[in-house]
Every structure is written in C-alpha cells, then in structure tokens.
Amino acid sequence: MMSSIRDIEAKAINVTIDGKSCSAIYGQTILEIARENEIYIPTMCYLTKTLPIASCRMCIVDVEGVDGAILSCQEKATDGAVITTNNQELFKERQSIMKLYNVNHPLECGVCDKSGECDLQNKTMEFGVSGQNFTTKEPHRPVQNWGVISYDPALCIMCEKCVRVSTEITGDEALKVKFGGYSSTIENVKQDKNYKTLGEAAAVCPVGALVDSRFKYSSNAWELTQIPSTCPHCGGGHDVIYEVKKGEIYRVSNTAEFSTLCSASRYGFDIANRDVVKDEIAFQSALKAFESAKTIIFSNEVSNEEAYILQKLKESRGYKLISHEARAFQKFMNSYGTITGKSLYGGSLKELSNSRAVIVVGTRVNDDAPIVKYHINMASKWHRARVAYMHPIEDSELKNIVTQFIKYEAGSEEGVVALLADTLLKECELPQNIRDILDELDIGNLSAECNVGEEELEALEKSLLKKSRFSLVVGADLYAHPRAENIAKLLALLEKYAGFNVICIPPAGNGMGISQICDLDDDIEGSTIGYNVKGDFTLSSFGDGDLDMPSFTQQEGTLTSLDKRVTSLNVVLDYGGYVLNDLANSLGLNSEYTIDYTKDLPLFKGFKAIEFDSLTNYFDAKGNEHRGYILDEVEVGLDTSIEDIAEMSAFDGTVVYNCNPQEHFSPLTALSDNLIKDAYLLGSQQFATASKLKDGDTIRYTIDSVKFERVFKIDTSLKGTIALNPLFDMGLSTALLSSYRFSKVDLERVGS
Amino acid sequence: MSLEQFKNRNVGTQNYVKLDLAHTPTTGWGQFKQVVGRTFKPELFVGLWVTFREMGNALVGGKMHTTQYPFEKLPISPRYRAIHDMLRLMESGNYRCIGCGLCEKICISNCISMETKYDENQRKEVSEYTINFGRCIFCGYCAEVCPELAIVHGPRYETASEQRASFSLFEDMLTPIDKLNLQQEYDGFGAISPNADENIKPTPLAY
C-alpha cells in the first residue's frame with residue numbers, strides 16, 4: 001500500500017496538428033502538444049502553471065470528425081486525431097472574441113503600465129481589430145487599492161488568471177470572481193489581511209488591471225533592462241528578473257507563466273550596499289585581522305563561491321568555519337544520509353505538488369518557506385491531497401489546506417517522529433534491527449509525553465490508507481534539536497522504506513550551498529572574523545561592518561536552492577568596493593574573479609565542473625527549467641543503527657518560537673523598504689494572560705546571549721501559549737541565534 | 001511680378017523693354033570725353049545724398065530699415081521647427097503631457113529623458129522631463145508621435161546659452177500660465193489634419 005510511489009504508465013499517442021505529426025503522451029491536452037511542437041494557438045486566459053481556466057475561448061481548434069470547435073486548452077488529445085489550429089472560420093471566431101474584449105476598453109494605453117507587454121494589445125493587433133463594433137453601457141468602476149497591488153476593473157478582461165493563482169498556487173484565496181455579466185469583477189475578499197502574495201496574481205495579469213502599486217506609472221515596460229538572476233532570500237532559488245533603469249531596480253518580474261515567487265523575492269529587491277569605495281585602510285586592517293584570527297563565522301547570506309573561498313582559506317590557513325544554521329542542517333543531512341545512502345533528501349517540489357498526501361513536521365511552513373507552502377497548496381487543490389500539519393503552534397494561514405492538525409509539545413520532536421515512523425512503517429519491509437527498535441517503542445508513554453493522541457495517529461493512518469504518492473516536509477525545528485541526528489535517521493526511514501518524497505527545508509539564504517561546500521566546525525576558537533555576523537572584525541554586506549562587502553544584487557556567483565539547483569546570480573547594481581576574493585587573493589589564493597571558482601565547486605558533493613558563464617537562466621516555451629544545473633546524487637556510507645528515544649525535557653513557563661514573518665528571511669530582507677519594518681513579539685491572548693503582558697508592552701529577554709527588546713502585540717489569530725519571536729531585524733546578530741527554535745525566556749518589562 | 005511670369009521662359013512672346021543705352025565711343029577723343037564727363041558729373045553727390053537722407057530718416061525720422069537683433073526678431077514661418085514648446089490645455093490650464101513616454105522612445109538621438117510617478121489624483125504625473133539640446137537634431141519625431149499634441153516645435157531658434165540646462169527643463173518649455181491666452185495651436189508636424197472630423201468613425205452607443 002505505502003511501499004512505493006505509484007507509477008502511471010505513460011501511453012504514447014500520435015496526433016496530427018496542422019499537417020505536422022506530433023507524438024505525445026495520453027493525458028496531454030491539444031494545446032500542450034501544440035506548444036511542445038512549436039505550433040501557435042492564441043490564448044488569452046491560459047496559464048501553464050494552473051489548471052486550464054477556459055474562460056477566453058481563443059484556443060478553439062477544429063478536430064476532424066468532430067462538429068464545432070474544441071477548446072484545445074482543456075481537451076485531451078486522442079490517438080490519431082487530426083487537428084487544424086487556424087482557418088478562415090477560426091480566425092473570424094477569434095476576431096469576434098477580440099472585438100468583445102475591446103468593448104469599452106479604456107483607450108489609455110498611453111499611460112497604462114502594461115502597455116508594451118500587454119496581451120490585449122498584441123492580440124488586438126494580431127486580429128486586426130481597429131474599431132469598436134459593439135457597445136454596452138459602462139458601469140462606474142473605480143480603481144481599488146489592495147495594498148501591494150491595485151485593481152482597475154475597467155481594464156479587467158475577466159480571464160481569471162489571478163483568481164487561479166491566488167487559489168491554486170499561493171493559496172491566500174483572497175481573490176474571487178464577482179459574477180454579474182458585463183459588470184463582473186474580481187474582488188478581494190480578504191482585504192484586511194493585506195497579503196503580499198497578491199503580487200503573484202498581479203504578475204500573471206495579461207492586461208493592466210492588476211498592477212504593482214509601488215511600480216505603478218513609474219516607468220514604461222520597454223525602458224527597463226531585464227537582468228535574470230536568482231533570489232537570495234528564502235533559499236527556494238526563485239527565478240527573478242531584475243528590471244533596471246538608470247542604475248535603479250524598478251521592479252522584479254519572473255517567468256510567471258511557469259514559476260511563482262514569494263513576497264520577499266517580489267518586493268525585497270531594493271537592497272544593496274551602496275556608495276562603497278575601495279577603503280584601503282579598512283582592507284589592510286581586514287588582512288591584519290585575518291592574520292590573527294582563528295575562526296571565521298558567517299551567516300547564510302554567502303554565495304557558493306564565497307563559501308568555497310572560505311573553505312579554501314580553511315584548508316590553507318586552518319581557520320575554523322562556523323555557520324550555525326548551516327552546520328545544524330549539515331549534521332542533520334549527514335545523519336539522514338546514513339539511512340538513505342544519499343547525501344541529500346530525495347524529494348522535489350514538483351513531486352510535492354503532485355502528491356496525494358503531505359505530512360509537515362517541525363516547521364511553520366507558511367512563514368519558513370512560502371514556496372513549499374505553495375506546492376502543498378497545489379497538491380491540496382489539484383489532487384485533494386490530505387495535509388497533516390504537525391507543530392506545537394497552529395497556523396491559521398494553513399487552515400484551508402490542512403486536513404489534520406496534530407499538535408505536539410515543544411521539545412518532543414524525537415518522540416513525535418518516532419511515533420510517525422512507527423505508524424507509517426507498519427506494513428513496510430524493514431531490516432530486522434530497525435523493526436526491533438520500532439517494536440520496542442513504548443507508544444503509550446511516547447504519545448503521552450508528546451501529547452499526540454494515539455487516535456490522532458490512527459486517524460492519520462486511516463486517512464492515508466487509500467492514497468499513494470506521499471510527501472514529507474521537514475523543517476528547521478528539527479535541525480537544531482538536541483536529538484537532531486536520531487530524528488534524521490527516523491525520518492530517513494520514511495524516504496527509504498515507505499517511498500516518501502521528502503523535502504528537508506534548508507536554512508534560508510544559501511544554507512544548502514554552505515552545508516554542501518564547507519567543512520563546518522562546531523566551536524569558536526580564538527578571535528573571529530564575522531561575515532554578515534558580528535565578529536571581532538566584521539565583513540558586512542548590510543553596510544554596517546568594518547569592511548563592506550557586495551550585496552547579492554552587486555556580485556556574480558551561484559546559489560544552491562531547496563530543489564538542489566545551482567543557479568546564477570548576476571550583477572544588477574554597481575559596486576565599487578572590495579570583495580571577498582580580493583581578501584582571499586591577498587591571503588594566498590589566486591583567482592582573478594570570484595566566479596572562477598564556480599567550476600571548482602566540490603564534485604564529490606554533486607556540483608558540476610561548469611563555468612559560470614555557461615550556466616543558463618531561462619524557461620523554454622514548454623516550461624522546462626533551464627536554470628543552472630541540479631546537484632548530482634551522491635552516494636554515502638550506510639549506518640543503520642538508531643538510538644533509543646531520549647528523555648524529553650519539558651518546556652514550561654514562557655516559551656517563544658524564533659520565527660520570521662512570511663515576507664522576511666534574514667537581516668537582508670529587513671533592509672528592504674518595501675517589506676514591513678516593524679518586528680513585534682506576537683502572542684495569543686492566552687500567552688498574554690499567562691505571562692502577564694498587555695498589548696503594547698515593551699519587554700526585554702535574552703536568547704543565545706542575544707539581547708532583545710521588543711514590543712509585545714496580541715495576535716488574535718494565534719492560539720496556545722507560545723509566542724512568535726522574529727529575528728530578521730537583529731542585523732549582524734541574527735546568525736548568532738542558532739539553538740533550538742523554541743526557547744524558555746525570562747521576560748523583563750521595560751518601564752512601568 | 002508673379003511666380004508664373006517669372007517662370008515663363010518663352011522669350012519673344014513677352015513685352016520686353018530695350019534699355020536706351022548710349023553708344024560706346026570708338027575714337028580716342030570720344031573715349032577721353034566720356035571719361036572726363038563721367039568723372040566730373042555731379043551724380044556722385046546724388047548717390048551720397050540718398051545715403052545721407054536715409055541716415056537722417058533712420059536716426060531722426062524713425063524709419064529704420066535694419067532689424068535690431070537680438071532686441072528685435074523677424075517673424076518666421078509657422079512651420080519652422082525649433083526649440084520645443086510644451087503646451088497646456090486651453091480649458092483647464094493643465095499641461096497636456098500624459099507621460100506616455102513615446103517621445104522618449106522614438107527620439108533617435110536619445111536626448112529626451114523623463115520620469116513619471118503615480119500622483120495623488122490617481123493619474124500619471126511627469127516628475128522629470130528634460131531635453132538635451134546639445135544632442136537634439138530637431139527631427140520632429142517627438143512632436144509627430146505625441147498623441148496629445150503636448151510637445152511641439154516652437155519658433156525659438158537660439159540654441160546658444162551659457163548652460164544647456166537653462167532651457168531644457170519641462171517648466172522652461174511649458175507655456176507660462178499667464179500667457180495661456182497667447183498659446184497658439186500648432187499646425188506643423190504631427191498636427192491633426194484639417195479634415196480630421198470627416199475621418200473619425202463614431203463609436204456605436206446603445207444609450
């Protein structure tokens with residue numbers, strides 16, 4: 001039942017489109033086959049990344065032997081079908097559709113933001129609509145401002161792409177169609193939430209109806225130079241295209257037909273270390289600091305090449321390399337690999353979106369990795385996937401996709417994972433030693449300690465009974481857990497023996513790349529050099545260190561994503577200062593540019609010997625991602641021993657959970673003016689009562705010797721006794737926070 | 001003399017008048033007499049008198065015939081294409097430019113540069129607009145492409161100045177608001193054709 005992901009046998013078919021013989025797989029739509037074979041069928045509402053919308057009827061085709069036109073976007077091709085995509089009647093039909101689209105469409109192309117990249121403009125030209133033949137009375141439709149985007153109903157053609165993205169992809173479910181014949185509009189039913197993910201809906205708008213509020217009217221599309229790059233924020237490796245004019249980034253776009261960004265990539269682009277010149281004195285003192293330092297401590301905001309330079313420095317000069325989050329992830333993955341025999345988890349986002357059941361454990365996924373949440377949402381919407389969300393804190397933002405919320409006690413992750421493994425591996429064939437360990441588990445005791453009811457697990461098991469294609473999403477709560485290595489092994493059993501598609505969300509930024517490239521150490525020794533972290537000498541791309549470093553928009557390099565893809569960063573803005581490579585060259589390495597190291601990245605970790613300049617960064621017409629390369633699978637040694645479950649320490653008293661809001665990932669995103677700036681300790685009413693706090697109180701507390709002083713706010717959507725503590729605004733201290741994400745704190749009220 | 005007459009080259013069919021010129025002397029004495037006669041003729045003073053009289057007219061009589069450039073300028077053809085003017089709407093006094101950016105796009109010498117923003121009235125507002133007249137070749141494309149007849153070529157032809165910037169800003173080209181009543185509708189490059197009304201097809205209205 002649960003043993004392996006069911007393979008659907010692909011049946012090959014052959015269809016003839018416009019006289020061209022095309023081979024395809026049964027289940028593909030006519031439009032998909034046509035696009036694969038470079039045959040043009042005009043569409044207005046079709047969006048590759050969602051299910052067919054079928055609202056425009058532009059994609060009609062003739063199929064031999066079938067009366068009337070057929071919608072090619074949703075009709076699956078049958079073997080031997082003979083299809084005509086264009087003839088006199090079809091052209092007339094499409095022209096009539098365009099005439100209707102143009103009824104009362106405001107003639108304001110001159111000021112419209114979309115002008116120059118507008119589907120309606122293009123198709124109006126293509127079908128030669130030069131006047132208005134029909135008419136209707138135009139209702140009054142004022143422009144609406146929905147936070148990051150604004151909506152002009154008069155320009156809207158009701159293609160419904162935005163609604164589909166909001167529902168099927170980002171899952172905010174804010175946009176809905178308000179039906180009413182000609183007066184139909186899109187409405188935002190969750191205006192108060194002010195979702196930043198609405199930017200994704202605006203990105204797919206074929207006309208100027210949904211536009212970016214901030215970008216609105218600031219530049220014509222054709223004046224902007226497009227520079228493809230990779231988003232450095234969440235670690236999802238989003239394809240961002242920086243649109244630049246006169247040395248300023250005006251907006252970020254993406255290949256919205258196939259990919260979706262999270263709000264940090266969409267809006268967190270105004271980050272750069274500006275007006276930096278080569279400061280010779282600072283450079284010399286940096287060299288001096290490197291001479292005396294014993295340890296280099298760095299955050300995740302480091303590219304693959306920079307990480308490799310640091311590794312080379314370690315090899316040649318014996319520094320200790322410290323990067324807490326990446327180290328925890330590295331250890332977790334090493335341990336995980338001893339069960340699966342592979343250096344990394346086997347799952348992919350694409351497979352996640354196709355799963356029929358998803359289990360999320362140890363991550364507040366909507367905030368930690370929105371891109372993963374998008375894919376869980378897709379699975380939920382497309383395949384009605386069961387989604388079990390296991391976490392100590394319920395997330396109201398996931399309410400619409402989570403079918404079962406299993407709450408466990410903070411700190412009891414090992415027990416939870418053991419229970420999970422026991423439940424899901426019941427009918428799988430396991431090696432005897434592992435089976436013995438699972439059989440020996442004291443289920444009653446564990447479930448009592450974790451506060452996970454046996455009936456909850458039974459319900460989970462039952463709900464998965466008839467499903468196949470399972471996914472497991474694992475998050476950062478587990479990496480920094482004291483028992484992380486045993487947890488990793490237990491979870492790896494699910495990938496190895498139950499065929500789960502497992503994704504272990506790497507730390508935001510380039511945590512994945514660092515954990516693969518660097519041989520990291522645990523303990524700090526001697527004086528430190530900090531890179532984007534406070535050290536005895538600090539290199540910083542945030543603009544507040546002893547020596548400036550370029551920001552991600554100012555340097556070339558590569559990043560490794562959650563999907564194990566190595567993609568390139570390109571220079572978007574000027575930078576006049578020193579880079580890490582200059583320091584490295586003075587310290588005995590020899591390389592003209594940072595990107596000379598791209599081809600040297602460790603092959604034994606799955607990197608490929610490809611020059612930076614040979615890395616591509618685009619999607620083809622079929623939607624295949626030609627962006628960099630995917631890490632090769634690397635075999636590692638096995639060690640199937642699993643330890644017994646350790647005693648759990650109880651988390652009583654005031655507990656806070658380190659968790660950034662959805663649009664923030666690091667001190668880097670905190671520099672953006674487009675994203676929220678204020679950081680509050682957010683807690684439920686219950687938390688406030690328990691810790692005797694009032695909304696608006698300023699409090700002081702310490703985690704990992706980092707001192708916080710925050711305003712406390714009550715968030716009515718939260719439940720339980722754990723408060724959310726954001727880290728993004730802590731600048732160079734952020735990366736010092738590395739312990740288990742739940743921490744007991746002593747709150748000290750400031751003033752009063 | 002009209003243009004037709006001037007262009008008529010059919011010699012012989014027109015009323016030519018022969019000048020009554022004296023005969024050229026052939027003998028040495030005759031030539032001597034001609035030289036002496038011309039030398040001592042008072043006609044020289046007739047000419048000098050004309051000059052003297054006109055000087056008097058100009059200085060005292062107020063009949064000056066030369067133009068005192070740069071204090072005075074001659075009127076030039078309305079079709080002359082020189083430094084740009086930014087026109088205003090006659091009714092509201094608002095500037096006509098809608099910030100569409102077509103002039104910036106079409107400019108073949110890349111001398112127009114503009115920035116726009118979203119203003120508080122939910123309209124596109126031009127926040128910066130400059131033309132670099134050091135580079136402008138006065139081709140007239142900007143005036144032709146302008147959908148609002150907002151940018152046109154004016155009669156101001158002096159492109160010399162201490163600083164280029166002093167006459168390339170939007171405000172300098174814009175019709176001064178107090179001289180709005182003097183603003184001339186432009187009929188040069190890119191202007192609406194005189195029979196534009198006949199060419200317009202009305203949009204059907206159901207109400």
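Student: What do β2(B) and β3(B) form, and which residue in the turn has a positive phi?

Tutor: β2(B) and β3(B) form a hairpin with five residues between them, and in the turn Gln122(B) has a positive phi of about 60°. This is a predicted model, in which local features need pLDDT of at least 70, side-chain atom pairs count only at pLDDT 80 or more, and totals for chains, interfaces and linings use all residues. Residues are numbered from 1 along each chain as its sequence is written, while chains are lettered from A and ligands numbered from 1 in the order in which they are written.

Student: How do you know that strand β2 and strand β3 of chain B pair?

Tutor: Strands (E, at least two residues) and helices (H or I, at least four) are DSSP runs, numbered from the N terminus, and two strands pair if DSSP finds at least two bridges between them. Strand β2 (residues 112–118) and strand β3 (residues 124–131) of chain B have seven bridges in the antiparallel sense, so they count as paired. Ser113(B) stands opposite Thr130(B) in β3(B), and the bridge partner of Lys117(B) in β3(B) is Glu125(B).

Student: What makes β25 and β28 of chain A a pair as well?

Tutor: Strand β25 (residues 565–569) of chain A pairs with β28(A) in the antiparallel sense over two bridges, and Arg565(A) has Ile630(A) of β28(A) as its bridge partner. Both strands belong to an open antiparallel sheet of three strands, in the order β24-β25-β28 of chain A.

Student: Why are β24 and β28 of chain A called edge strands?

Tutor: Each of them, β24 (557–560) and β28 (629–630) of chain A, pairs on one side only. Helix α8 (residues 304–317) of chain A lies across β24 and β25 of chain A and runs at about 95° to β24(A).

Student: In what order do the five strands of the other open sheet of chain A come, and in which sense do they pair?

Tutor: The order is β18-β17-β16-β19-β20 of chain A, with parallel pairing. Its edge strands, each pairing on one side only, are β18 (404–406) and β20 (501–504) of chain A, and the twist averages 15° from one strand to the next. Within this sheet, strand β16 (residues 357–361) and strand β17 (residues 386–390) of chain A pair over five bridges in the parallel sense, with Val358(A) opposite Val387(A) in β17(A). Helix α18(A) lies across β19 (470–474) and β20 of chain A, running at about 160° to β19(A).

Student: Why are α9(A) and α18(A) called oblique to each other?

Tutor: Helix α9 (residues 324–340) and helix α18 (residues 484–498) of chain A pack at an angle of about 45°, with their axes 8 Å apart. Angles under 35 degrees count as roughly parallel, over 145 as roughly antiparallel, 65 to 115 as roughly perpendicular and the rest as oblique, and α9(A) and α18(A) are therefore oblique. The residues of their contact divide into nine nonpolar, three polar and five charged.

Student: What makes α13(A) oblique to α15(A)?

Tutor: Helix α13 (residues 413–424) and helix α15 (residues 443–450) of chain A pack at about 135°, with their axes 9 Å apart, which makes α13(A) oblique to α15(A). Among the residues that make the contact are Val416(A) and Leu419(A) of α13(A) and Ile443(A) and Leu446(A) of α15(A).

Student: How is the contact of α13(A) with α15(A) divided by class?

Tutor: Six of its residues are nonpolar, two polar and two charged. Ala, Val, Leu, Ile, Met, Phe, Trp, Tyr, Cys and Pro count as nonpolar, Asp, Glu, Lys and Arg as charged, and the others, Gly among them, as polar.

Student: How many residues of chain A are in contact with chain B?

Tutor: Contact requires C-beta atoms, placed from the backbone, to lie within 7 Å, and 14 residues of chain A are in contact with 17 residues of chain B. The side of chain A that touches chain B has four nonpolar, seven polar and three charged residues.

Student: Into which domains is chain A divided?

Tutor: By an automatic or database assignment, chain A is divided into domain 1 (12–86), domain 2 (337–504) and domain 3 (655–749), and the C-alpha centres of its domain 1 and domain 3 lie 52 Å apart. Chain B has domain 1 (3–59) and domain 2 (84–191), whose C-alpha centres are separated by 55 Å.

Note on methods:
Contact = placed C-beta atoms within 7 Å. Axes fitted to C-alpha atoms, helices over the stretch in contact; angles between N-to-C directions.
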